[in-house]
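Please read this report alongside the sequence and the 3D view.

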Amino acid sequence: MRITKINTIAYMMIAAIAEPAVASQQSESNGFVEDSKASLLIRNVYMNRDFRQANAPQNKGEEWGQGFMANYQSGFTQGTVGFGVDALGKLGIMLDSGAGRTGGGTGLLEADSSGPKADYSKMGGALKIQMSNTILKYGDQMVSLPILSTNDARLLPESATGLSMTSKEFKDLTLNAGHFTALNKRNDSSPDSARLTDLNYVGGVYKFNDQLTGSFYRQTIDNYWRKYYGSATYTVPLSSTQAFNLDFNMYDTKSMGEERAGDLDNRLWSLSAAYTLGAHRFMLARQTVSGRGDYKYGIDGLSAMYTSNSVQYSDFLYEGEKSWQARYDLNMAPYGIAGLTFMVRYIKGYDFNTPLTSDGKAWERNIDVKYVVQSGPAKNLSLRARNATYRSSDRGGDVDEIRLTFEYPISLF
């Protein structure tokens with residue numbers, strides 16, 4: 001057992017037994033069955049990537065699938081220590097694609113050497129323990145942290161297998177720690193399709209006041225790298241309909257196993273400033289990569305990138321790359337169309353390094369329209385259309401992308 005694993009597990013135990021400074025969640029537990037809940041998410045996704053550069057390996061990637069995700073979460077048994085279980089079942093069904101159209105980064109359907117499969121499924125579960133305001137969980141989990149984030153941007157979500165802790169024993173402070181040994185990618189039914197080695201993380205989020213929140217995390221992957229993440233978010237309400245927001249995010253990565261991660265010693269940071277005026281939101285953002293190598297998410301599909309210019313197609317993370325973004329959001333509720341939202345943004349990247357140039361250039365434009373039904377039998381049904389246009393003769397090629405997503409969440413009990 002490596003030192004990083006020992007430190008992570010020790011951290012979990014100490015946080016779990018620390019004297020609470022706020023009211024106990026476990027003392028308010030109603031029971032295993034009484035607090036149980038189950039839901040079904042029905043998701044239909046169509047995705048098309050049109051590759052327009054002359055030397056593209058394929059003309060387009062096109063996949064259409066139907067997904068079903070059943071999620072069960074028990075309550076906790078009563079007493080000083082509460083016990084419970086979580087379970088998640090996922091099924092993906094191919095509606096349309098083909099051997100010549102699958103791939104190309106669409107990542108929607110599981111495929112083999114013959115092409116996309118007609119269907120694929122995944123099942124997982126986790127045991128959980130609650131003490132005071134601390135939850136320990138072991139098993140198959142969906143994680144959403146800036147240092148480990150299982151991707152849910154296609155048909156079926158990723159999941160990671162391991163041990164996690166979330167502790168809220170102290171007011172305004174949330175502590176997280178984890179030790180994971182397997183990752184199931186979004187379009188693969190294998191339990192460890194990413195071939196993950198030991199991944200450990202520790203860190204937390206602290207709310208200084210109503211305006212300022214900060215976070216810091218450390219992650220290590222055996223024989224791969226160590227990574228730090230830090231953030232600060234500052235929000236100033238200017239009136240009942242106006243607000244100003246600053247958001248800073250930074251990653252620092254250094255390889256610990258160059259045969260896998262490459263010779264990495266780089267930093268990625270972004271800073272955004274946003275102004276909200278009623279139904280309108282305007283944002284400008286700056287992002288920079290410095291040091292050696294491109295910024296990397298993780299191992300074979302492990303996604304964790306909480307920065308401003310991580311967008312629909314590109315994330316503007318090549319070695320030395322600098323990028324700017326301008327974004328506009330509109331909420332149509334004040335204009336009588338509740339549930340309808342619109343977003344458009346433009347990102348310009350430059351000065352990145354490739355084997356052929358040290359002055360690489362790229363740009364991307366995104367358009368996003370979403371409508372959520374507000375009432376009636378179809379309440380909460382959402383329809384979302386996304387378009388991306390990416391252009392770079394230096395790296396990444398010329399791509400036009402369309403994504404159409406229909407989701408219908410059903411609460412079973």
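## Basis of the report

This is a predicted model, in which local features need pLDDT of at least 70, side-chain atom pairs count only at pLDDT 80 or more, and totals for chains, interfaces and linings use all residues. Residues are numbered from 1 along each chain as its sequence is written, and side-chain values use heavy atoms, with hydrogens and water left out.

## Overall form

The protein chain has two helices and 22 strands. Helices (H or I, at least four residues) and strands (E, at least two) are DSSP runs numbered from the N terminus. The C-alpha trace spans about 65 × 55 × 50 Å along its principal axes. The radius of gyration of the protein chain is 22 Å, which agrees with the value near 22 Å for a compact globule of 413 residues. That radius is taken over C-alpha atoms, and the globule rule is 2.2 Å times the number of residues to the power 0.38.

Of the 413 residues, 44% count as buried. Buried means under 20% relative accessible area, exposed means over 50%, and partly exposed lies in between (1.4 Å probe, protein chains only). Among contacts between residues at least 6 apart in sequence, 61% join residues at least 24 apart; a contact means heavy atoms within 4.5 Å. The protein chain exposes about 19,400 Å², and carbon and sulfur atoms supply 58% of it. Accessible areas come from the Shrake-Rupley method with a 1.4 Å probe, and for residues only the protein chains shown count as cover.

## Nonpolar cores

In soluble globular proteins, nonpolar side chains tend to be buried together. A nonpolar core is a set of buried Ala, Val, Leu, Ile, Met, Phe, Trp, Tyr and Cys residues joined through side-chain atoms within 4.5 Å. The largest one has 29 residues, and Leu-148, Phe-180 and Tyr-201 have the most contacts inside it. At least two residues of this core come from each of strands S11 (173-184), S12 (199-207), S13 (212-221), S14 (225-237) and S19 (340-352). Another core, of nine residues, lies apart from it; Val-45, Tyr-120, Leu-155 and Leu-156 are among its members.

## A nonpolar surface patch

Tyr-234, Leu-238, Phe-244, Leu-246, Phe-248, Met-250 and Leu-271 form a nonpolar patch on the surface, with about 560 Å² of accessible area together. Patches are made of residues with over 30% relative accessible area and no salt bridge; like charges are joined within 9 Å, and nonpolar side chains (Val, Leu, Ile, Met, Phe, Trp, Tyr) within 5 Å. Strand S15 (residues 242-255) gives the largest share of the patch, four residues. Leu-238 is in the loop between S14 and S15.

## Salt bridges

The whole structure holds 25 salt bridges. A salt bridge is a side-chain nitrogen of Lys or Arg within 4 Å of a carboxyl oxygen of Asp or Glu. Glu-62 pairs in this way with Arg-101, the closest N and O atoms being 2.9 Å apart. Glu-62 lies in strand S2 (residues 60-73) and Arg-101 in the loop between S3 and strand S4 (111-112), so the pair ties together parts that are 39 residues apart in sequence. Glu-62 is buried, at 10% relative accessible area, whereas Arg-101 is partly exposed, at 23%.

Lys-128 and Asp-86 also form a salt bridge (2.7 Å, N to O). This pair links distant parts of the chain, with Lys-128 in strand S6 (residues 119-131) and Asp-86 in strand S3, 42 residues apart. Both Lys-128 and Asp-86 are buried. A further salt bridge joins Lys-361 and Asp-359 (2.8 Å, N to O). Lys-361 is partly exposed, with a relative accessible area of 38%, and Asp-359 is partly exposed at 36%. Salt bridges that share partners join Arg-226, Asp-252, Lys-254, Asp-265 and Arg-267 into one network.

## Two single residues

Met-94 is found in strand S3 (residues 81-96) and is partly exposed, with a relative accessible area of 26%. Leaving aside neighbours within four places in sequence, Met-94 is in contact with Trp-64, Leu-109, Pro-116, Lys-117 and Ala-118. Met-94 and Asp-119 are 25 residues apart in sequence, and their C-alpha atoms are 5.8 Å apart.

Gly-204 lies in strand S12 and is buried, with a relative accessible area of 12%. Not counting residues up to four places away in sequence, Gly-204 touches Thr-174, Leu-175, Asn-176, Gly-214, Ser-215, Phe-216 and Tyr-217. The C-alpha atoms of Gly-204 and His-280 are separated by 32 Å, and the two residues are 76 apart along the chain.
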